[in-house]
Amino acid sequence: MQTLEEAVANFQRRADQQWVPASNGTETPTRFPNGMVLLYCYNPVLRQHAYFDVNTDLQVSDDVLGSTLGISDPNLRNN
């Protein structure tokens with residue numbers, strides 16, 4: 001039987017994988033001038049929005065969004 005800590009860690013790992021395209025699944029990838037192709041997603045478990053690089057399948061940090069792409073989105077914070 002798993003410990004409480006293991007159960008919480010397993011839940012958090014599953015929650016992190018629950019990203020879906022935002023806007024009720026209607027978001028589509030966007031190509032930016034620097035060549036990045038990003039998809040705006042939502043995690044209903046964490047109640048957070050984030051951009052993901054479709055070529056690497058990695059979440060794009062706020063620093064990259066702000067400094068490189070010029071994106072400033074208040075929804076990227078917990079809502």
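Start by selecting Arg-47, which is exposed at 55% relative accessible area; here exposed means over 50%, buried means under 20%, and partly exposed is in between, worked out with a 1.4 Å probe on protein chains only. Arg-47 sits in the loop between β3 (37-43) and β4 (48-53). Check its backbone too: phi is positive, about 55°, although Arg-47 is not a glycine.

A quick note before you click on: this is a predicted model, so local features need pLDDT of at least 70 and side-chain atom pairs count only at pLDDT 80 or more, while totals for chains, interfaces and linings use all residues. Residues are numbered from 1 along each chain as its sequence is written, and side-chain values use heavy atoms, with hydrogens and water left out.

Next, select Ser-23. You'll find Ser-23 in helix α2 (residues 22-25); helices are DSSP runs of H or I with at least four residues, strands are runs of E with at least two, and both are numbered from the N terminus. Ser-23 has a positive phi near 55°, and it is not a glycine. Is Ser-23 buried or partly exposed? Its relative accessibility is 41%, so Ser-23 counts as partly exposed.

Now show the aromatic rings. The count is two aromatic pairs, where rings of Phe, Tyr and Trp (its six-membered ring) pair if their centres lie within 6.5 Å; planes under 30 degrees apart are stacked, over 60 edge-to-face, and the rest tilted. One of them is Tyr-40 with Tyr-51, a tilted pair at 4.7 Å centre to centre with 40° between the planes. Tyr-40 belongs to strand β3 and Tyr-51 to strand β4, 11 residues apart. Both Tyr-40 and Tyr-51 are buried.
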